Every structure is written in structure tokens, then in C-alpha cells.
Amino acid sequence: MATKKETTAKTAATKTTAAKTTKKTTTKKVETVVKKASPAKKIDSLKDLKVATKETAVETTTETKVVRKAKKDKQGRVYATGRRKDAVARVWVMPGHGKITINDKTIDEYFSRPVLKMIINQPFEVTNRVNEFDVICTVNGGGLSGQAGAIKHGISRALNDYEPELHTALKQAGFLTRDDRTVERKKYGRAKARRSYQFSKR
């Protein structure tokens with residue numbers, strides 16, 4: 001008959017051997033999982049990690065790129081609306097030789113000031129498309145400077161729709177955003193928005 005001490009020692013030995021075998025099997029399983037999940041390229045330093053992150057970023061950007069199409073009508077024109085102050089311009093842009101007609105008049109007849117002509121031609125100069133497009137537009141409201149700004153805004157938006165590749169140049173120049181600066185309203189008790197009446201002592 002075996003004593004109690006011998007039986008307890010035997011059970012403890014069997015438990016330790018069982019634990020060792022289970023540890024070996026678990027370590028083998030973990031090793032196999034790690035081998036399967038590990039990438040093809042080994043990352044040994046920070047430089048390798050940076051390169052791997054750049055590659056993944058490039059892959060994601062190439063997948064998410066969307067090609068914009070030109071919005072042309074049957075006659076090959078692009079329509080856009082431009083606004084500045086109280087002026088609203090309806091603009092049609094089409095391939096041509098740089099002819100600009102405003103309310104059935106040429107640009108020289110409608111705008112006599114060279115500054116206003118320069119403002120209208122700015123979108124073509126920024127995008128290197130001078131004398132490549134004809135413009136037909138109608139303008140209503142506001143003064144001459146506001147109308148020139150509205151035409152410039154409409155031409156910029158039309159070029160953006162005609163050639164989506166020009167978006168970055170027009171956006172960086174700030175031609176696609178509507179200029180929301182307007183005249184401040186007159187206040188009661190004042191001659192204008194902030195101008196006070198002349199002071200009279202008596």
C-alpha cells in the first residue's frame with residue numbers, strides 16, 4: 001500500500017507534466033498564428049515602418065480618387081452663375097478665340113476702365129487659357145465693379161466645370177469662393193452706416 005505522501009507526490013508530478021504539455025501546445029499555436037498574420041516585409045527599424053505606412057497611404061489614396069467629368073451641353077458649352085455685391089451674372093463658356101460678349105456688347109464697349117477688363121480676364125491668366133475660350137454672359141444689378149466681379153466669378157466656376165483639372169489653380173487663387181462683402185446698411189440717427197451728422201452747437 002502506498003502512503004498518502006507518495007500518492008500526493010505522484011498526482012503533483014502528473015499535473016506538472018500535463019501543464020508543460022499544454023504550454024508547449026499553446027506556444028506552438030501562437031507561433032503559427034503569428035506566422036500567418038505577419039506581413040511579407042519585415043520591419044526592423046523606424047524607417048521601414050515609415051515606408052510601410054507611406055505605401056498603405058498611397059494605396060488608399062489611389063483607391064479613393066474620383067475622376068470628375070466635364071459638364072457640357074449639346075453645343076459644347078458650360079453654364080455657371082456668378083455673384084458679387086448686388087450683381088448676378090449668367091455665363092456661358094465655350095472653346096473659341098477669346099471673344100467676350102456682355103449683354104450683347106463687346107467687353108470694350110461695356111467696360112471702359114482697363115481695371116475691370118483685367119478683373120474679368122484673371123481666371124484665364126491664372127489657368128494659362130488666354131484666348132482659348134469664348135464667353136457670352138448677361139449681367140443684372142449692381143454697379144460696374146460689382147458686375148465685373150460677378151462675371152469673373154461665373155467664368156471661374158464655368159472653367160472649373162469645363163476642365164476639372166483647373167480646380168486647384170482656381171481654388172488657390174480664391175476665384176471659386178463667392179465674395180460676400182456688401183455695403184453696410186444705413187443706421188437711423190446717422191448720415192450713412194457710420195457717418196454722423198455735422199455737429200451744431202446751437
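Reply: A pocket here is an open set of points on a 1 Å grid over the protein atoms alone, where a 1.4 Å probe fits, with protein on both sides within 12 Å along at least five of seven lines; lining residues have an atom within 4 Å of a point. This is a predicted model: local features need pLDDT of at least 70, side-chain atom pairs count only at pLDDT 80 or more, and totals for chains, interfaces and linings use all residues. Residues are numbered from 1 along each chain as its sequence is written, and side-chain values use heavy atoms, with hydrogens and water left out.

Me: ok, which residues lie nearest the centre of the largest pocket?
Reply: R84, I119, G149, K152 and D179 do, out of 14 lining residues.

Me: and what volume does it have?
Reply: About 210 Å³, where grid points are joined across faces, edges and corners and the volume is the space filled by probe spheres set on the points.

Me: which element gives the most to the lining?
Reply: α5 does, with 5 residues. Both β1 (78-84) and α5 (144-162) supply at least two. Helices (H or I, at least four residues) and strands (E, at least two) are DSSP runs, numbered from the N terminus.

Me: how does the lining divide into nonpolar, polar and charged?
Reply: 2 nonpolar, 6 polar and 6 charged. Ala, Val, Leu, Ile, Met, Phe, Trp, Tyr, Cys and Pro count as nonpolar, Asp, Glu, Lys and Arg as charged, and the others, Gly among them, as polar.

Me: switching to the sheet. what's the strand order?
Reply: β1-β2-β5-β3-β4, an open sheet of 5 strands with mixed pairing. Two strands pair if DSSP finds at least two bridges between them.

Me: why is one side of β1 and of β4 left without a neighbour?
Reply: β1 and β4 (105-106) stand at the edges with a single partner strand each, so one side of each has no neighbour in the sheet.

Me: how many bridges join β2 to β5?
Reply: 8, between residues 87-95 and 133-140, and the two strands run antiparallel. W92 stands opposite I136 in β5, and M94 has D134 of β5 as its bridge partner.

Me: and β1 with β2?
Reply: β1 and β2 are also paired in the antiparallel sense, over 7 bridges. V78 stands opposite V93 in β2. Their hairpin has 2 residues between the strands, and K85 takes a positive phi near 55° there.

Me: last one: what's the order of elements overall?
Reply: From the N terminus on, α-α-β-β-β-β-α-α-β-α-α, with 6 helices and 5 strands.
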